[in-house]
Structures are given as structure tokens and as C-alpha cells.
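Hello,

Here is the structure I promised to pass on to you. Please have a look at it first, and then read my notes below.

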Amino acid sequence: MTIRHDVLIVGAGLAGLRTAIGLAEHCDVAVVTKTHPLRSHSVAAQGGINAALGKDDSWERHAFDTVKGSDYLADQDAVEVLTKNAAAAVYECERWGTAFSRNDDGTIAQRPFGGASFPRTCYAADRTGHNLLHTVYEQALRLGVTVYEEWFATSLVVSGGRVTGLVALELSSGDVLGLASRAVVLATGGFGRVYGRSTNALINTGDGCAMALRAGAPLKDMEFVQFHPTTLYGSNILITEGARGEGGVLTNSEGHRFMGEYAPDQMELAPRDIVARAIQTEIDSGRGVDGQYVWLDLRHLGASRIKERLPGIREICMHFGGVDPVDEPIPVQPGQHYSMGGVHCDWTGKTPVKGLYAVGETSCMSVHGANRLGGNSLLETLVFGAVTARTVAKDLASTGEPDVTAVEDAAFRERERLQGLLLRKTGSRPTDIRRELGPVMDRLVGVFRNETGLTEALGRVRGLQGQAQRASLGETDREFNYALVRALELENMLLLAEAITLGALMRRESRGAHWRTDYPQRNDEEFLKHTLVTGAPGALAVQYTDVHLGRFEVKERKY
Amino acid sequence: MRFLIARSHGRAGETHYDTFEVEVKKGDTVLDVLFRIQDEHDPSLAFRYSCRGAVCGSCAMLINKQPQLACRTQVMGLGEKDMHLRPFPAIETVPPEWSPAQGVLVEPLPNLPVLKDLVVDMRPFFRALRDMELWAAPAQEPRTQGPEGRARIQRYLDCIMCAICYGSCPVNAEHSDYVGPAALAKALRFYADSRVTDRQRFLDAALAPNAAPMCELIMNCVRACPKGVAPGGAIRQLKALGHGHATDTQ
């Protein structure tokens, strides 16, 4: 049986659902998602969404802050689209019912965020993603969007040079089914779980990026991985930048507020890459607590402000860290947080493979360049969800019917492949491979990188890929086979780990979140370029493509 | 530490309990332990998960007979907690091989059909959102709203749709057509939102025969909710509105 729709969207977070809403009235669109939509990682976004709403602010200032924050690697045409459409995206959600936090005059409240020259981050307490995702899900329900819940997409189907559908594993039955379509939009989010220490949901395994690469689409700027400065020690759950936006300060084991030495003007509200490196330097220099973390102190804000503005943070600290930030400082360390890189596409969502589109964290358009500013990722999902929907709708007019036979054949082959994996009785356990991958990436492809470490990491990742080829799951069942899902996710992550490491090794400069201790300067002459990775696992290749400049002159980035 | 986990294969399958001995350390959550069992002992063990930070609502289950999020439940603190729920069979009946002193009992969330092990069919829970049309009609223009207007609905906005209220409700245990507490809290969220212009339809939906009128104000939902939503309070207000003697909530 092959299912048919005009458009398939993989992923039901904000980007996927917003794209689906944009297409719902134009064509037969369906969303394929490995979890229920409300379980998507968008729900965890805390701090807010940027838009120049104030009279004293402007989209141009927002655009400049974004480009500067990106260390000039962002494509300026894409940033223009992002920032020009920001207010409309926020107001659209307001019209759909999102309960933003408000000023006394009833207008949408905005808070300061790192790297921003104006308090332009709109928020709904510290549960902005939760509020937006529930709103957008409600609107998708209103429009009757078809959702294949708990279907894990395993591969794209390419026929005659264009994407013609995908193959997915239905978790409840264990069936592998083909879904034919005239277009596929990837919106599977980031790939933070490649790292051991990550703020990301456990489901963020980069499935869309891996599928796209296997289907022939390049991945772009994969080495630019954002490490959030403040993740809760132990579980690495995110402690929002909003906590510093509200006035939280960072201190080391000596009780010293150290940001003055790293970013004297912006202090704790310098961009994330700078604060993360500052914290890591303190820890590496022996001024961390227990050699592992520093303190984020909110106590001076007072109980009422903490409870009103940061209730979710307080809850997280109490339940997962055993500390109440009203009475004690929070132990924090840097951890992987966001994937600036992703599927190579232009700002309309188009990838170089016909019929294939990408949007949100899965994609790299690129609006974040070498470092994303807080508050710009939620914005990206909504603005470009709408843009990508328009692109797809327009392209459908000149797109023929899908190649159903190719989809059926692909589903047959995938069934055989998964059957082979399930029948393998001996081999490495995926668990052991996963446990090795995370620390390798944390240690060697983390906040600080160098040639020796990256070369070692590349060798270890390729070795793990080899082991994964021969992995055995043990005794599992057909229905709800999460061990199988996790093994397939691991294959995806190993492929992405290779792409990240290779990109990092080849980029012999420091820019934004990519910091090479052996090349500590930015090198615009050689590397004011986007990295493109293509090829097969174990044999990926790197090339470079130009950054779209134009509006803002490339300068040194100082805060 | 010993973990007794309910296992079953599909709707027709019998439930049995498997025992696992797992090493635990301070800070481990029940979700951590479930992963350890899947990784080290039995890869076929099925349970849902996503955020591991108590915001996505995936991992609601019955832990030592109390409905909780596995990711937010510390193994070490388990003995100390009692939600004081009004009993009904699913949380009363204890397998003969278990007593609290012997370890941790993990079972699927009650009141929803079990699909496999700790995975339940959430469709009856989510169906109410569609049936009651719990969404806002898009407004033509953005609206203002005072901070106090938002504060009035804040508590209901915090709902993560984990279904713990549904799984703790003795009425849901007996009546599969009852929409359950979360949907009613969401109905009040829209009814009481100062921006909503067609509010009456939310009250009408909440006062349908399979909705608020079925609630017996037992308040298990209030005691069990991990996010402080207190759906029972919302239902009490909806009932009062239905009887025409409520103050204006908007």
C-alpha cells in the first residue's frame, strides 16, 4: 500500500506545522512525525521571539544585530526576510491566540537578549515555545491538517532527479510504508543529541539532515554548533538567556563576576558563543566549581520577580538540580544547544534537489551564520514556515504526479534492510556506540577545537560508523520498537557527526561558535564562505560557496 | 534497586510484570532507569519520551501507583511522596508480587487503552480538542491585553497535555466518553481569555453532557497535575457558569 499526498512535511514542531498551515488551503498536505506534535522540541524554547515592535527599534537594527551576531557568515538577503517579517509573525500568533506576556498598556512585552541592541524579545513568561507550539497546533487542528503521528521517516525517495516521496516506519505496527508526494519538506529540527551534553530533547537526532544528505542534498555550515552558556549541571537542561536578561550574573568558584574580563560592555548579555567560551575558560583554568561548572546567581532579583518572570526556570532548578534559585545560585555549564548548520537551501526553502525543501533548524538558509542570537530560532520557524509554504505551493503548479512505483520499490528495499538489521544476532550494541559518540563530540568537537583533536574525532566517528553497520539490537518486538528507532537515529547521528567534524577540521579559522585554538583569528580571505558537505558515510567531501553580503559591511565583531 | 515493570503486547494481550535489578544513583529519574533497562536488559521495553525536562508531556505513567512524569520523578525521593488520590481500581489494585518496600512499580497511565508496555493510546484524550473545537478563531487585528487579563488564564496555559489528570480521574476510569479535566481547563482558558469574542461556544462545549456535568469534583486531577494547572478548579468554575451564578471570568 502506498499512501499519496501532494505534499509531505516531516516534523511537526513550529516549522513543520507553520508550513502545513500555509499549505492546507492550497493542496493535500500531510505531516509525518515520530512523536505527537506537542512533544516536538519547539515546546521547550523558553526565552522568546525577536521582533522590532518598538517605535525606537527597526528591522534594520534587528538585521544588523543578527548579521553581526552571525560573525558575518549569515546570508544578508535571508536575514532581511527574517527581520522584515518578524513583527507580522509575532502578531499572527497573537491573532491566533498566543498569550504573550504584556506591558501595563496591554502591548506585547519585550525583554533584552544577548547580542541585541534593543529589548526586542517578545515572550510568554519563560514558556514561549510551549505557548507558540500549542497555538500553532490548535490552528493546524482547526484546518484539519492530516498528521501521521509516531511515524518515523527513514529515507527519501528520489526518482529521475527529484524527490517523489519517502519511506516511514509506523511505530505502532512496525510496518514500513511508502508515502508518495509531489514535494517533501524537511522540518525535523536540530541534531543536538550527537553531543553527550545537550539541552536538546532526546528526539533531536537530525533525521531530516541525514536523509537529505543521503538523497544528494548538501549539508551547509555543519561545524557551527551553538553551545549554550548556561545549561543545568547534571541533566544539561536549558537555563534560558532570559535569566541573564532579567539580571542574573555569572560567578566562578572564587565568587568573582568574571564576564568583565571577556565582554566589558555587554557582560552576561554578550552573545552566546562569547559567554560559553568565557565559562569554559574559567572551568579550564581551574576556577570552576568542582572543575565542572560556574554559578548563575539570580538571588538579588528577589523571590517575586523570579516567580513572575522565570517560573519555569525555578521549577527546573528545583526538580532537576535540587536548588531553589530564590535561595541559592544555579550550577551551570556550557552544553550543545542549537544547530546553525543544516540542509543547504535558499531563503525560499528550496534545496538543490528538485522537490525537496527544508525549513527551521533542519535547514541552513542561512540566517544564523556562525552564531545564532537568542530569540531568532522561534522567529525563523514561523517566518520561513510561511515562506516555504508559498514556495512549495507555487512549485506544485508545474510539478507532475509522483513516481509511485519508485516509492513502492524503495519501501520494499527499506523493509529488507530493516529486517536484516533486526535479524542480526551478533554485533556491537547501539547503546555502546551511542555512549562513545557523545563524549568524543563534547571533548574534541566542542567549545574549543584544534587539528589534533578533530583528526582524532574524525577517526573515532568513522570507526563507530563501521561498528554501527554491524550492530545487533537484541530481542525486540515489531510493535513500538523503540530500540530500532534509536538504532536508526544513531546511524543518522553518526553521519552528521562526520559532517560536523570534517567541516570543523577543514575550517582553519575561528568564527562565531567555531573556535579553533590553533587558528584563533577569523580569516575572511579564505573562509568568509559557507561549507558544503556532500557524499556517502565515511567518504564525505567539503566544498565552499559564497556568503550573500550586500547590506552590511564585514567588520570585526566586538561587544 | 528493584523495578517491577508492567509488560503487555497490544490490546488483547495479558499484562504481566517483569522484574529488573538496576543500579541507581542520586539524581537518577525513573526515565533514566527505563532507558537503562532498555539499553542493558531488555531492548523490547516500550515507553514514550522526548524532552526529559517535564515540558513535553510524553512520559506520563503510573509510578508506585501515582500518575507522574517519569522524567521528573527522582528514584531516590519516591517513598516520600503521597498525592492522596481518591482510590479507584487501577491505582488501588496492587500486583501480588509487589510492595513499596520491595522496589519501584512502573505501570502505564490508567484510563487509556494500553498499546504496549508503558505506551497507551492517547487518542481518546486528544480527541476532545477536536470535538470541542478548542482553538481560537483568528482575529483580524492583533489585540492588546492587560497583564491581569493574562494572569487570569496563566495557570491553564501551563498545561502540557500529559494526560496525568485524565489518568488520575475516577470518572474517566468508568466513563470512556468523558472528555476529561485537561480539555475542560483548556475550554476555560479560551472562555476566560479577555481577547476571545466568541467565548460562549467554549462554555457550551464544556457544558455538553460528556463534559463538565460528568465531573464529580473529586479533585484527583488537582493533586496529580505536575504543572499546577488545577483543572478541577476550572471545572468548578465552568459548572458554576452553567448554573448561571458565576462572576465574570473574562
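Two strands count as paired if DSSP finds at least two bridges between them; helices (H or I, at least four residues) and strands (E, at least two) are DSSP runs, numbered from the N terminus. This is a predicted model, in which local features need pLDDT of at least 70 and side-chain atom pairs count only at pLDDT 80 or more, while totals for chains, interfaces and linings use all residues. Residues are numbered from 1 along each chain as its sequence is written, and chains are lettered from A, with ligands numbered from 1, in the order in which they are written.

Let me begin with a hairpin. Strands β20 (residues 529-536) and β21 (residues 539-546) of chain A are joined by eight bridges in the antiparallel sense. Across the pair, G535(A) faces L540(A) of β21(A). Two residues lie between the strands, and G538(A) has a positive phi near 85° in this hairpin.

Now to chain A as a whole. It contains 16 helices and 21 strands, and its C-alpha trace spans about 65 × 50 × 50 Å along the principal axes.

Helix α6 (residues 207-214) of chain A is largely enclosed by the rest of the structure, because seven of its eight residues are buried. Among them are D207(A), C209(A) and M211(A). Just after α6(A), G216(A) takes a positive phi of about 100°.

Beyond its neighbours within four places in sequence, A187(B) is in contact (C-beta atoms, placed from the backbone, within 7 Å) with residues including M132(B), F202(B) and L238(B).

Finally, the contact between the chains takes 44 residues from chain A and 40 residues from chain B. On the side of chain B that touches chain A, α4(B) gives the most, with four residues.

Best wishes

Technical notes
Contact = placed C-beta atoms within 7 Å. Buried ≥ 20, exposed ≤ 12 C-beta atoms within 10 Å, placed from the backbone.
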